[in-house]
Amino acid sequence: MALFDRLKDQAKNLQQQAQGRGATTGGQGHGGSRGGGSRAQLVGVLKTQLGSLKAELKSGAYRDASMAMCALVAAADGQVDASEMQQMESLILSNEVLQNFPPEQLRQRFHKHVDLLTRNFPQGKAEALQEIAKAAKKPTEARAVVQTGIVIAGADGHFSQAEQAILREACATLGLQPAEFQL
């Protein structure tokens, strides 16, 4: 538990630093730029935190919830084109923590959710959130699922409002406060 507390303190310190700088941006955070560099720093810190938890994040619940989260992030705007699918799959397969799992398992679960989301977004979203909810039993995994979503969403340097909304819904599903993740 001490490791998690230390990581949480690091994230909180970064959040406070970002808020201090964000005061000069005129509150433009909802468009995804919220102090530009601070978002990139947050993604970097979350990536590091996830890497330090790699040994703990080996459960099927984390794997499945993370793939549902990645699919929701990919489809946040209501559509996923082939190039976006390829880019997202590349990000998933290169993610240090997700390398705990066989690539084919990750692909299969990711594509299953994306297919549902593109066929019937409300139904696919409901099923993805049910999968995400399974990680709520373990707080470390629950936070890691949201962190994974943020890392994947932030990989292109931009957080859309739709991505932020999906991430906030995932937080609610997991019983986490969006503010903990600057959402």
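Helix α7 is mostly tucked away: 13 of its 15 residues are buried, where buried means under 20% relative accessible area with a 1.4 Å probe, protein chains only. From first C-alpha to last, α7 reaches 21 Å, close to the 21 Å expected at 1.5 Å a residue, that span being 1.5 Å times one less than the number of residues. All this comes from a predicted model, in which local features need pLDDT of at least 70 and side-chain atom pairs count only at pLDDT 80 or more, while totals for chains, interfaces and linings use all residues. Residues are numbered from 1 along each chain as its sequence is written, and side-chain values use heavy atoms, leaving out hydrogens and water.

Zooming out, the protein chain has eight helices and zero strands; these are DSSP runs (H or I, at least four residues, for helices; E, at least two, for strands), numbered from the N terminus. Of its 183 residues, 45% count as buried.

The largest nonpolar core holds 48 residues, with Y62, F110 and I132 making the most contacts inside it. Such a core is a set of buried Ala, Val, Leu, Ile, Met, Phe, Trp, Tyr and Cys residues joined through side-chain atoms within 4.5 Å. The helices that each supply at least two residues include α2 (37-52) and α7 (139-153), but α3 gives the most, with 10.

Y62 touches, among others, F101, E141 and A144, a contact being heavy atoms within 4.5 Å. S59, in the loop between α2 and α3, also touches F101 and E141, and its side chain reaches the backbone nitrogen of Y62 at 3.1 Å.

Key:
Buried means under 20% relative accessible area, exposed over 50%, partly exposed in between (1.4 Å probe, protein chains only). A polar contact is a pair of N or O atoms within 3.5 Å; within protein, one must be able to donate a hydrogen and the other to accept it, and residues adjacent in sequence count only if both atoms are side-chain atoms. Lists of a residue's contacts leave out its neighbours within four places in sequence.
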